[in-house]
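Below is a short note for someone opening this entry for the first time. Please keep the sequence and the model in view while reading the points.

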Amino acid sequence: MIADTQEWARLAAHADEVAGVHLRELFASDPARGEELTVGAGDLHLDYSKNRVTRQTLRLLTALAERAGVAPRREAMFRGEAINVTERRAVLHTALRAPSGERVEVDGVDVVPAVHEVLDRMHDLASRVRAGEWTGATGRRIRNVVNIGIGGSDLGPAMATRALGGDADPALTLRFVSNIDGDDLGDALVGLDPAETLFVVCSKTFTTLETLTNARSAREWLVAGLGDEGAVRHHFIAVSTNAEQVAAFGIDTANMLGFWDWVGGRYSVDSAIGLTLAIAVGPDAFREMLRGFRVMDEHFRGAPLDRNMPVILALIGVWNANFLGADTYAVLPYSQRLGRLPAYLQQLDMESNGKSVDLEGRPVGVPTGPIVWGEPGTNGQHAFMQLIHQGTRLVPSDLIGVCRPGREMGDHHDLLMANLLAQAEALAFGRTAEEVAAEGVAPELVPHRTFPGDRPTNVILLDELTPSSLGQLIALYEHKVFTQGVIWGINSFDQWGVELGKVLAKRIAPELIAGEAPAGGHDGSTDALIRRYRAARGRSA
Ligand code: F6P
């Protein structure tokens, strides 16, 4: 186990040595760190100097990555070995952005031609919808696209569509439906004409309760609106790995785009799961995003560990979580367009690394994936940043900014970026009691107005928010999460922890329904809550 290695012990001893050394001192004794503790990759720049690390910390962390086998494990992933051991699958989202002509084999079969075949079909389909050539059952052009999916089949396309401004085209209305709460689909359908509406049902497994329930209700809405069961094939596209279930649901498999079990749901935005995104932003922009992913893949695969952006980000995260005791970290995009990035990264990180046993099934022994959350700046400054500045908990954060705005509006962008830089500065350096007192603050208020500082941040700057830079940013976090999983010795690519709730919900659902008697036999609390719900719905016990 990693915690039993010399490298881990050295880091623990080093953490004791540097404990109490404030970021103010680190900058005073090493002024070049602001320039030098930075790394570039593609269009991204990472400044990690405002972390509680010395150059020695970074050397020790790199040694830990070497000891954990990050480099060979990374190769095993890129080569298509079955590194998802509990599901006996390869992990090859990187093959989704491999250029045609490159060979990536799974069980001796080159998968790249199939990837490009699907990409070409996506390209064609998206172009036809955008050009008005895909018509509905009545011959009218499609003006509304409703994406139905959940988790990785929703968050990626929804986040990226917002990021790239795909929802700003008045000719096309785009909506994303994920929740089984009928208000989600109900609200999404308000104002839509079924004759002009295309549903893209995204589900890797095509067995997900939420998605199938929403898709069924969407089909009922469509058939009721058009009065024709045969309309379904003009208005439904499926994206899935499961052709059998797609056919069983009643979607013509000619209207299906496939992908493969070696693409994890939370790693699937660059597969056919991105169809709604491709419709929204255009297939060329989608391909540009894939090229961006590829830029980061090549950097991750080729750069030495101590100059490797995803590896550095991962190691800083391990340092914060395992040696400084931070249980959580905040993702703060200073970009409204990146507003859904925290939710996207929440799934990517927490579903991947929220594990407590290692690859052999033994307790992992150290804290693993952190609690990830966040909101765009500057909104967060007027909500939760108080706690990060002056609270008792350590909350490291990633502040993400875009240098050149998509839209110039007066001085908005400079003010936005000034706030990003100011937050990082304030978090790191704070304001001492002496400085506060010197400003003439009343003595009894000095403790309240003192900022301890020493709060770690990473600042990530994108030159511009483009399809390519977005691809680079997503891949950066994918590889960061992978690297942390390797260090902790866990499987970042399964998600057994979501299963129990699904099984129990299936058991409870009939107990809530009118005409059925509750079976009981749960714990006292669950049985009582079932009774209360039934009573509120006027259903007899
Ligand atoms: O329940 C978790 C999960 O399996 C995620 O990993 C996945 O992204 C989501 O559900 C949706 O799954 P599917 O695409 O198979 O509907």
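1. Ala195 counts as buried, because its relative accessibility is 4% and the cut-off for buried is under 20%. This is a predicted model, and the remarks in this note should be read as remarks on that prediction.

2. Ile460 is part of strand β13, which covers residues 457-464. Is Ile460 buried or exposed? Ile460 is buried, because its relative accessible area is 0%.

3. For Ile460 the pair to look at is the one with Val503. In sequence, 43 residues separate Ile460 and Val503; in space, the C-alpha to C-alpha distance is 41 Å.

4. His116 sits in helix α6, residues 112-131. With a relative accessibility of 16%, His116 counts as buried, since the class takes values under 20%. A polar atom of the His116 side chain lies 2.8 Å from the backbone oxygen of Ala98.

5. The ligand deserves a separate look. The space that the ligand takes is the largest pocket. There are 14 residues around the ligand, and those that come nearest are Ser153, Ser203, Lys204, Thr205 and Thr208. By class, the shell around the ligand holds two nonpolar, nine polar and three charged residues.

6. Which side chains place an N or O atom at 2.5 Å or 2.7 Å from an oxygen atom of the ligand? For Thr208 the distance from a side-chain N or O atom to a ligand oxygen is 2.5 Å. For Glu351 the distance from a side-chain N or O atom to a ligand oxygen is 2.7 Å. Gly152 contributes through its backbone: one of its backbone N or O atoms is 2.8 Å from an oxygen atom of the ligand.

7. How much of the ligand's area does the protein bury? Taken alone, the ligand exposes 390 Å², and the protein buries 87% of that area.

Methods. Residues numbered from 1 in each chain as written. Predicted model: local features only at pLDDT ≥ 70, side-chain atom pairs only at ≥ 80, totals over all residues. Heavy atoms only, no water. Near = heavy atom within 4 Å. Polar contact = N/O pair within 3.5 Å; in protein donor to acceptor, adjacent residues only side chain to side chain. Areas by Shrake-Rupley, 256 points an atom, 1.4 Å probe, with all protein chains shown as cover. 1 Å grid on protein atoms, 1.4 Å probe; cavity = no way out; pocket = protein on both sides within 12 Å on 5 of 7 lines; lining within 4 Å. Sits in = over half its atoms within 2 Å of the grid points. Nonpolar A, V, L, I, M, F, W, Y, C, P; charged D, E, K, R; others polar. Buried < 20%, exposed > 50% of the residue type's maximum accessible area, 1.4 Å probe, protein only. Helix = DSSP H or I, 4+ residues; strand = E, 2+ residues; numbered from the N terminus.
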